[in-house]
Amino acid sequence: MNPRVQLAVFTRDLRVADNPMLAQAATAERVVPLFVQDPAITGGRFSNPSRQHLLNAGLADLDHSLRGIGGALVVRRGDPITEIVRLAERVDAEAVHIAADVSSHAQHREQRLAAALAGHRRGLVVHEAVTTVQPAGSITPSGSDHFAVFTPYLRRWLQQPRRDPLPPPRAIRLPDGLPSGRVPSGQQARGWTGGETAARQRVEDWFTDGLDDYHDRHDDLAGDATSKLSPSLHFGFVSPLELVTRAQRHAGPGPEAFVRQLAWRDFHHQVLAARPQAAWQDYRPRGDHWIDDDAAFRAWQAGLTGYPLVDAGMRQLTKSGWMHNRARMIVASFLTKTLYLDWRLGAQHFLDQLVDGDLANNNLNWQWVAGTGNDTRPNRVLNPLRQAKRFDADADYVRRWLPELAAIDDPTMAHQPWLLPAADRRTLRYPEPIIDLTVGRDRFAHGRG
Ligand SMILES: Cc1cc2nc3c(=O)[nH]c(=O)nc-3n(C[C@H](O)[C@H](O)[C@H](O)COP(=O)(O)OP(=O)(O)OC[C@H]3O[C@@H](n4cnc5c(N)ncnc54)[C@H](O)[C@@H]3O)c2cc1C
């Protein structure tokens, strides 16, 4: 065993800046920066083609950055445990470095890896790179292993000491004669660019032109004035800790509101770390009797429910692979409370479509909206018409995503086309509402009982 050789295993921390895993491995004389393409992830229910493109772009960019400091990305394909152990043996590495992660798949992978490496008398060093607190579940209330309510979590989270962001390693040397394997070529996906370089540019643009007004504009559906950093955070092209420390250096309500959203991200991650089964099982079962209605589900997926705000959100998702947070809440409430369909259907559909699809953020937000999660008001129902008045008053969001309604000038009519005269409605080619909101609300109240 050679103490001068270490393996740096990337997972979803695909960056050289502020990466504690890489920084520590890179103190060794020789380092193998490794990424293992795991068919269980790429071929499973968590992957979709857009995210695969962003991942590939991220790997290509990482390889480029590593070459800039004398290294290269080594890519292997197969079971990560087998591949990592095989490589550790081949280069006789003393230890393997990896970032901790919260899903059951990641937790299981870490346990298997620790056991396999121990069998070969090699160490595993686990680092924190996915959340800003160290580790994700390190802040706990008395008497529990995680926080179930956001506000007390936030209070503690804000007081948590944080290390300074780390610079990229200055130099990396690979062991001699190691073939790097094929690094996938970088690609764009539905207008999104993957990789640390593009993410850093987005961060710069955001801090110069976005952050200060965030508190005012983040709920404005048509304004679209959020950071769009979610895919980069999912793949770790950018460090959440770096974003928080940097935003906290700016005073004002915009940076404060932005930091709060990053706290939500950590909050959901610490819930999933403690309750990995909450990805697909009700966190707080409410005795729901979900309705089985495939036609309603398909109308929702296609953005053809007859409620323009809901449909605009769903079309934004299909066309761009992303959806505004306010719209995510509205469409999720509509599915789980107005149509009263199981939140898991919606969560899976989102994972199939989103460029930022993320098990902790997606599934626990779905549970939050469905009232089976951490919302302290689990039975609230978002009324799409009231939401439209508050967050899309001019109906610009609806007109942007629903070409059928683009020519309707009056915002009230654009949000409620059923109020138009019958003759006008016939030319619209837009469906009548598939459900009456009051009927939906009563059915939900009754079903949840
Ligand atoms: C039903 C539903 C499903 C969602 N699915 C996902 C998902 O798969 N992946 C995902 O990253 N986010 C998800 N979110 C959270 C949120 O909608 C997105 O993070 C946000 O819209 C991304 O846009 P942004 O980067 O411009 O966000 P900003 O408003 O600029 O926020 C900055 C960052 O804070 C974090 N953040 C913001 N809001 C939340 C939140 N409510 N919960 C957790 N983290 C948050 C994200 O990492 C985000 O990138 C979901 C929300 C709902 C209601």
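1. Start with helix H11 (253–274): H11 gives six residues to the shell around the ligand, the largest share. Helices here are DSSP runs of H or I, at least four residues, numbered from the N terminus. H9 (230–235), H14 (325–338) and H16 (359–370) each supply at least two shell residues as well.

2. Bear in mind that this is a predicted model, where local features need pLDDT of at least 70 and side-chain atom pairs count only at pLDDT 80 or more, while totals for chains, interfaces and linings use all residues. Residues are numbered from 1 along each chain as its sequence is written, and side-chain values use heavy atoms, with hydrogens and water left out.

3. Domain 2 (131–163 + 197–274) and domain 3 (294–448) both contribute to the shell, so the ligand lies between them. The domain bounds come from an automatic or database domain assignment.

4. Now the polar contacts (pairs of N or O atoms within 3.5 Å). The side chain of Ser 227 has an N or O atom 2.6 Å from a ligand oxygen. With Ser 230, a backbone N or O atom sits 3.0 Å from a ligand oxygen. A ligand nitrogen is 3.0 Å from a side-chain N or O atom of Gln 261.

5. On its own the ligand has 810 Å² of accessible area, and the protein covers 97% of that (Shrake-Rupley method, 1.4 Å probe).

Methods: Polar contact = N/O pair within 3.5 Å; in protein donor to acceptor, adjacent residues only side chain to side chain.
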